Amino acid sequence: STWSPNPTSTSVTLTGLQSGTTYQVRVRAVSDVGYGEWSNIVSGTTYDVPGPPLNLTAEPSSVSAILRWDPPAEKDQNGVITGYLIRYQLSSNASSEMTRTVGAVNQLSLDNLMTEMTYGFTVAAINSNGTGPDASMLMFTTIPDVQNLRVSEVTTNAITITWDAPPDGYTVGNRYAEATDSSTEGTRTRTPTGTPQDE
């Protein structure tokens, strides 16, 4: 391509180029009597930010969540990934958006979330050229707490524990009970109707 800058200028900005591409440039003067010789060739490489991270997942509890992701595809990293920018918000309130920046890791633990609320999060990768685009937002819902846990009956070889369901009832998953035997230091886990398993 050819650019014709202002005749009195000693610089020109070349626009419309492709990101992450090396260009070779030379210049020559033009006057009423013709063209001068070409200058030596110089080269420059346009930079590019990383592509979006991949495979977002969330592992929520009642008031926290572990967020995980994979780096951008290798061909889209455009250099060394130095960190990630995480954005998260309540799905019902876009103005609640919060941001966190981490190093070149692939997970983040969020604390102090609200129970039984739906959140969305997204991640953008960072390299020496800047911050890339966000990945598609992933939604997750925190899990209800167990309410009013208590021992309701004790026999010679069994203990019955009870609890209150959340106001709206359980929507997904099972409830698990853990018991630690102080004499053997073992732990047994079971669902209310399941068979206990030693750990």
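Guide: Let us start with V151, which has its place in strand β13. Residues are numbered from 1 along each chain as its sequence is written. The model is a predicted one, in which local features need pLDDT of at least 70 and side-chain atom pairs count only at pLDDT 80 or more, while totals for chains, interfaces and linings use all residues, and side-chain values use heavy atoms, with hydrogens and water left out.

Visitor: What makes V151 count as exposed?

Guide: A residue is buried under 20% relative accessible area, exposed over 50%, and partly exposed in between (1.4 Å probe, protein chains only). V151 has a relative accessibility of 53%, so V151 counts as exposed.

Visitor: Which residues form a nonpolar patch on the surface?

Guide: They are V146, L149, V151, V154, I159 and I161, which together have about 570 Å² of accessible area. To be in a patch, residues need over 30% relative accessible area and no salt bridge; like charges are joined within 9 Å, and nonpolar side chains (Val, Leu, Ile, Met, Phe, Trp, Tyr) within 5 Å. Accessible areas come from the Shrake-Rupley method with a 1.4 Å probe, and for residues only the protein chains shown count as cover. The elements giving two or more residues to the nonpolar patch are β13 (147–154) and β14 (159–164), and β13 gives the most, with three residues.

Visitor: How many helices and strands does the protein chain have, and how do you know?

Guide: The protein chain has zero helices and 17 strands. The names come from DSSP runs, numbered from the N terminus, where a helix is H or I with at least four residues and a strand is E with at least two.

Visitor: Which residues have the most contacts inside the largest nonpolar core?

Guide: That core has 19 residues, and those with the most contacts inside it are L67, W69, Y84, I86 and F121. The elements that give two or more residues to this core are β6 (65–70), β7 (83–90), β9 (107–110) and β10 (118–127). A nonpolar core is a set of buried Ala, Val, Leu, Ile, Met, Phe, Trp, Tyr and Cys residues joined through side-chain atoms within 4.5 Å. If contact is taken as heavy atoms within 4.5 Å, then I86, leaving aside residues up to four places away in sequence, touches L67, W69, M98, T99, R100, V102, L108, F121, T122 and V123.

Visitor: How many salt bridges does a search of the whole structure find?

Guide: The search finds three, a salt bridge being a side-chain nitrogen of Lys or Arg within 4 Å of a carboxyl oxygen of Asp or Glu. In one of them, R68 meets E59, with the closest N and O atoms 3.0 Å apart. Another joins the side chains of D76 and K75 at 3.3 Å, N to O. The side chains of D134 and R87 also meet in a salt bridge, at 3.2 Å, N to O. This last pair links distant parts of the chain, because D134 is in the loop between β11 (130–131) and β12 and R87 is in strand β7, 47 residues apart.

Visitor: Is K75 buried or exposed, and what makes it so?

Guide: The relative accessible area of K75 is 68%, so K75 is exposed. D76, at 27% relative accessibility, counts as partly exposed.

Visitor: What is particular about phi of N55?

Guide: Phi of N55 is near 55°, a positive value in a residue other than glycine. Most residues other than glycine have a negative phi. N55 is found in strand β5 (residues 54–60), and at 54% relative accessibility N55 counts as exposed.
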